[in-house]
Amino acid sequence: MLEYLVFDLDETIYPRGSGLMQAVSERISLYMIERIKMAPEIVPRLRHDYWEKYGTTSRGLQLLHGLDMDDYMQYVHDVPLSDYIGRDPALDAALRSLPQRKVIFTNATAAHAQAVLDVVGVAHHFEAVFDVYFAGNQGKPALGSYRRLLDALDVPGHRCLMAEDTARNLRPARQLGMTTVLVAPLPGGDVDGADYVIDRAADITRVVADLGRVQPDGTRHG
Ligand SMILES: [Mg+2]
């Protein structure tokens with residue numbers, strides 16, 4: 001039986017086209033230039049390398065440059081959210097219709113998550129936010145952070161569904177037995193690791209309905 005719906009936050013709870021993450025991304029580069037005093041021309045390559053090697057830019061900065069995570073997280077999320085995102089009544093209705101417990105699992109901070117959930121108008125559906133600090137600053141896609149999440153929820157993976165816009169972050173979830181849902185992948189982008197692909201988070205209702213038709217022997221009837 002499906003017990004938990006685990007949602008990523010950024011570009012899952014609101015659409016990629018909102019421009020919010022581009023604004024955050026610009027502030028990440030600015031932070032590296034202004035606060036860490038890196039030469040602007042090396043920043044794009046470093047960010048790419050850290051993302052590949054450590055999972056997130058912040059993890060690479062922490063390991064190699066002694067990043068002050070609190071200062072960094074405050075700085076990069078200092079953007080006016082409502083310039084980019086707004087209420088999503090369809091998502092609100094979808095979440096209301098689903099009886100499963102719902103949590104957020106994000107590589108951002110709980111403060112950013114709460115602010116985003118408030119603007120989108122869905123904060124009341126989520127009973128907890130597991131943020132970048134939860135797993136000792138080592139977030140997705142480190143497998144250990146998913147194990148800690150399941151421990152905290154006290155639930156086996158097969159009773160959880162995870163919805164994410166980044167396929168790479170779904171693969172550890174699948175490894176631990178969760179049902180994986182990729183939200184709005186880029187055209188031609190990575191979909192490896194996704195059991196389902198949907199266009200927007202509100203479509204999660206279709207996935208849950210479909211799972212309800214999957215019999216205990218694993219066969220699907222619909
Ligand atoms: Mg995301």
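Mentor: Let's start with metal sites: donors are N, O and S atoms within 2.8 Å of the metal (3.2 Å for Na, K and Ca), and because water is not among the atoms, sites may look incomplete. Keep in mind that this is a predicted model, where local features need pLDDT of at least 70, side-chain atom pairs count only at pLDDT 80 or more, and totals for chains, interfaces and linings use all residues. Residues are numbered from 1 along each chain as its sequence is written, and side-chain values use heavy atoms, with hydrogens and water left out.

Trainee: Okay, which residues coordinate the magnesium ion here?

Mentor: Asp8 (OD), Asp10 (O) and Asp165 (OD), at 2.1 to 2.2 Å. Along the chain, these donors follow the spacing D-x1-D-x154-D. Asp10 lies in the loop between strand E1 (4-7) and H1, and Asp165 in the loop between strand E4 (160-164) and helix H8 (171-175), so the pair ties together parts that are 155 residues apart in sequence. Helices (H or I, at least four residues) and strands (E, at least two) are DSSP runs, numbered from the N terminus.

Trainee: Are Asp10 and Asp165 buried or exposed?

Mentor: Both are buried. Buried means under 20% relative accessible area, exposed over 50%, and partly exposed in between (1.4 Å probe, protein chains only).

Trainee: What about the backbone?

Mentor: Most residues other than glycine have a negative phi, and most peptide bonds are trans. In this model, Lys37 has a positive phi of about 65°; Lys37 is in the loop between helix H1 (20-34) and helix H2 (43-54) and is exposed, at 66% relative accessible area. Ala184 also has a positive phi, of about 50°, but Ala184 is partly exposed, at 24%. As for peptide bonds, a cis one joins Lys140 and Pro141, with omega about 5°. Look for Pro141 in the loop between strand E3 (128-130) and helix H7 (143-153).

Trainee: And how many aromatic pairs does a search of the whole structure find?

Mentor: You describe a ring pair by the distance of the centres and the angle of the planes. Rings of Phe, Tyr and Trp (its six-membered ring) pair if their centres lie within 6.5 Å; planes under 30 degrees apart count as stacked, over 60 as edge-to-face, and the rest as tilted. The search finds 6 pairs. Take Phe105 and Tyr146: their centres are 5.2 Å apart and their planes at 90°, so this pair is edge-to-face. It links strand E2 (residues 101-105) to helix H7, with the two residues 41 apart, and both are buried.
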